[in-house]
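Hi,

Here is the model I promised to pass on. Have a look at it first, and then read my notes below.

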Amino acid sequence: MRPLEGYSVVELGMWVAAPAAATMLADWGADVVKVEAPTGDPNRYTLKHVGQDIDSAPPFETDNRGKRGIVLDLRSQEGKDVLERLLERADVFVTNLRPGALERLGLSPDELRTRHPRLVVGTLTGYGWTGAERDRAGYDVSAFWARPGIAAMLNPAGEPPPGIRPGLGDRTAAANLVAGVLAALLRRERTGEGGVVDVSLLRSGTYANGNDLALQNFFGKRGRTRHRTEHESPLYNSYRAADDRWFWLVGLEGNRHWPGVVKALGREDLGTDERFATGKARRGHVRELIAEFDEEFAKRPLDEWAERFDAEGVWWAPVQTLAEVAADPQAEAVGAFVEQPGMGDAPPLRTVATPVAFWGVDEKPRGGAPTLGEHTDEVLRELN
């Protein structure tokens with residue numbers, strides 16, 4: 001039995017964040033009904049938005065598997081009435097519409113809680129429900145990466161921000177929303193009352209950036225992001241092997257990991273060099289030590305370094321390409337990928353699993369993503 005068997009969820013979401021949260025709930029056993037406008041979730045057409053003439057949309061399928069999809073025109077009274085019937089029997093309502101839009105539809109958390117006191121309302125916004133900018137549009141690149149200071153910390157000061165890959169902030173916020181929804185359901189078990197779970201990309205981003213913001217608040221200035229050639233901890237830095245493959249040393253506890261690294265290098269002389277003999281000394285000579293490491297690591301391919309590192313207990317990780325991740329046997333072993341049914345008549349799709357495993361529970365997706373309006377008639381029949 002999956003953990004959320006018997007729970008009913010209504011999703012009024014689009015793009016990634018709210019649909020990803022609802023997909024977690026579906027994977028974990030909930031019956032999720034996805035409500036779309038007649039034009040459909042714009043993420044269905046994600047590749048077309050960037051100029052590709054392709055009908056398939058693997059990101060949409062990943063974030064909408066296992067749901068039943070219906071089309072409602074919420075501009076009409078009939079559409080609103082059907083949604084209200086769905087909410088009457090639901091345990092959870094998940095949405096990432098902006099506050100003003102929900103208020104215009106009569107779906108603000110306060111209104112919903114008045115009509116459905118047992119309902120758990122999970123809202124995921126860019127900038128929250130309070131403040132002057134609550135209705136500002138927010139994708140994860142703006143509200144999670146840019147606004148909370150994450151993008152500014154990824155490169156040294158003065159350099160332009162790096163390119164941001166899509167969906168990382170959305171899925172972080174989605175996991176936060178799921179955690180809040182589950183906590184609200186637990187409270188409802190004790191009190192009989194639902195509640196409102198308010199997650200924003202902005203607050204999720206500031207939490208994710210907590211280390212640097214804690215230092216900023218304490219010292220009144222930002223920590224430095226350094227080029228790898230002058231990283232303050234050479235044992236916690238990236239390097240390139242002879243075959244042009246990159247890897248990371250992760251010896252965060254410098255004095256603990258130093259002996260194994262120099263032994264794996266075959267450079268025990270570095271351990272007695274007064275410039276590098278102590279953590280304090282190494283901190284004062286990071287450029288020289290990184291230069292020594294760069295010269296040595298360029299002499300052997302990564303596979304050889306892997307054997308040496310593992311033999312000496314050195315902590316490290318390869319910087320993998322996406323193709324390498326997709327073929328990584330350890331990722332496969334932890335269940336990082338699943339095969340789900342294709343949407344409509346499409347073939348099965350291998351994609352990412354949700355991030356939590358429940359021992360002894362079947363994790364296979366129960367269905368693919370719905371085609372637009374695929375289950376409208378079925379759900380309407382259930383509502384009589």
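Arg44 is buried, because its relative accessible area is 8%, under the 20% cut-off. Keep in mind as you read that this is a predicted model. You'll find Arg44 in the loop between β2 (31–36) and α2 (46–49). Its side chain has a polar partner: the side chain of Glu36, at 2.7 Å. Apart from residues up to four places away in sequence, Arg44 touches Glu36, Asp55, Ala57, Phe60, Met343, Pro370, Thr371 and Leu372.

Next, have a look at the open sheet of 3 strands, which has the order β7-β8-β9 and antiparallel pairing. Its edge strands are β7 (238–240) and β9 (316–318), each of which pairs on one side only. On average, neighbouring strands here are turned by 30° against each other, if you ignore direction. As a reminder, strands of a sheet pair through backbone hydrogen bonds, either parallel or antiparallel.

Between β7 and β8 (residues 246–249), the antiparallel pairing runs over 3 bridges. Helix α15 (residues 286–297) lies across β7 and β8, and runs at about 35° to β7.

**Aromatics**

How many aromatic pairs does the structure hold? The count is 15. One of them is Trp15 with Tyr139, an edge-to-face pair at 5.8 Å centre to centre, with 80° between the planes. Trp15 is in the loop between β1 (8–12) and α1 (17–27), and Tyr139 is in the loop between β5 (120–125) and α7 (140–146), so this pair ties together parts that are 124 residues apart in sequence. Trp15 counts as partly exposed, because its relative accessibility is 24%, which falls between the 20% and 50% limits.

Tyr239 and Phe297 make a tilted pair, 5.1 Å centre to centre and with 55° between the planes. Since Tyr239 lies in strand β7 and Phe297 in helix α15, the pair ties together parts that are 58 residues apart in sequence.

Elsewhere, Arg350 lies over the face of Phe337, at 4.3 Å from the ring centre.

**Asn155**

The last stop is Asn155, in the loop between α8 (150–153) and α9 (168–191). Which residues does Asn155 contact, leaving aside its neighbours within four places in sequence? They are Pro160, Pro161, Pro162, Arg222 and Thr225. With Pro160 there is a polar approach as well: the backbone oxygen of Pro160 lies 2.9 Å from a polar atom of the Asn155 side chain. For a sense of scale, Asn155 and Leu86 are 69 residues apart in sequence and 47 Å apart in space, C-alpha to C-alpha.

That's what I have for now.

Cheers

Technical notes: Residues are numbered from 1 along each chain as its sequence is written. This is a predicted model: local features need pLDDT of at least 70, side-chain atom pairs count only at pLDDT 80 or more; totals for chains, interfaces and linings use all residues. Side-chain values use heavy atoms; hydrogens and water are left out. Two strands pair if DSSP finds at least two bridges between them. Helices (H or I, at least four residues) and strands (E, at least two) are DSSP runs, numbered from the N terminus. Axes are lines fitted to C-alpha atoms, for helices over the stretch in contact, and angles run from 0 to 180 degrees between N-to-C directions. Contact means heavy atoms within 4.5 Å. Rings of Phe, Tyr and Trp (its six-membered ring) pair if their centres lie within 6.5 Å; planes under 30 degrees apart count as stacked, over 60 as edge-to-face and the rest as tilted. Buried means under 20% relative accessible area, exposed over 50%, partly exposed in between (1.4 Å probe, protein chains only). A charge sits over a ring if NZ of Lys or CZ of Arg is within 6 Å of the ring centre and within 35 degrees of the ring normal. A polar contact is a pair of N or O atoms within 3.5 Å; within protein, one must be able to donate a hydrogen and the other to accept it, and residues adjacent in sequence count only if both atoms are side-chain atoms.
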